[in-house]
Amino acid sequence: LRETGGLEELLPRLAATIRAGLGLRWVRVRLLLPGEAGAEPIAVEGDPASPAAARIPIVHGGVELGAIECGPRTEGDGALTPADLELVEGVARQGALAIRNAHLAAELQARLEEIREQARQLDLSRMRLVQAQVAERRRIERDIHDGAQQGIVSLIARARLARAQLES
């Protein structure tokens, strides 16, 4: 459980470990997917042709996240002992924490992607604002050059002309 990352790696490893550890014909890990009415099989190890010998819920914080379904043992009458069930329950408890952590990591990754997209949009918005400010500054400079500056030059020329006429 410690070495696995996402659910796509965690659940098959969980099923394979339980099957190999107890010598079962098959193990299926089902998770209750958010928004779904029932459980969806996520990982199956072996061929679940025979009926389930046990179903152990995967519970975290009082919320059922799914279940581990175990087929019969490959040896003997196939029945699981109380020690076997206790072992699977312990793995289910540990698996519940790992599953919840994987869900949280996936939610965090999705949120980070959303934040990255918002930051990209913000950068683009800032760039548009800077470009608009530069364009407006150039327009004002052009208006001053073409309008007010021409008027000032004209007034200076008239003042010089008036001064020259007064002196003469």
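Counting salt bridges, taken here as a side-chain nitrogen of Lys or Arg within 4 Å of a carboxyl oxygen of Asp or Glu, gives a total of 11. The model is predicted, so local features need pLDDT of at least 70 and side-chain atom pairs count only at pLDDT 80 or more, while totals for chains, interfaces and linings use all residues. Residues are numbered from 1 along each chain as its sequence is written, and side-chain values use heavy atoms, with hydrogens and water left out.

One of these salt bridges joins the side chains of Asp84 and Arg73, at 2.9 Å from N to O. This pair links distant parts of the chain, 11 residues apart: Asp84 belongs to helix α2, and Arg73 to the loop between β4 and α2. Helix α2 spans residues 82-167; helices (H or I, at least four residues) and strands (E, at least two) are DSSP runs, numbered from the N terminus. Is Asp84 buried or exposed? Asp84 is buried, because its relative accessible area is 8%; the classes are buried under 20%, exposed over 50% and partly exposed in between (1.4 Å probe, protein chains only). Leaving aside residues up to four places away in sequence, Asp84 touches Leu22 and Arg73, where contact means heavy atoms within 4.5 Å.

Glu113 is partly exposed at 42% relative accessible area, and Arg116 is partly exposed at 47%. Arg126 also forms a salt bridge, with Asp123, and their closest N and O atoms are 3.5 Å apart. Because Arg126 and Asp123 are three residues apart in helix α2, about one helical turn separates them. Salt bridges with shared partners also join Arg28, Arg30 and Glu69 into one network.

Turning to nonpolar residues, the largest nonpolar core has 25 residues, of which Leu11, Ile18, Val29, Ile58, Ile68 and Ile99 touch the most other members. Such a core is a set of buried Ala, Val, Leu, Ile, Met, Phe, Trp, Tyr and Cys residues joined through side-chain atoms within 4.5 Å. Two or more residues come from each of α1 (7-22), β1 (26-32), β3 (54-60), β4 (63-70) and α2, and α1 gives the largest share, seven residues. Not counting residues up to four places away in sequence, Leu11 touches Val29, Leu31, Ile42, Ala43 and Ile99.
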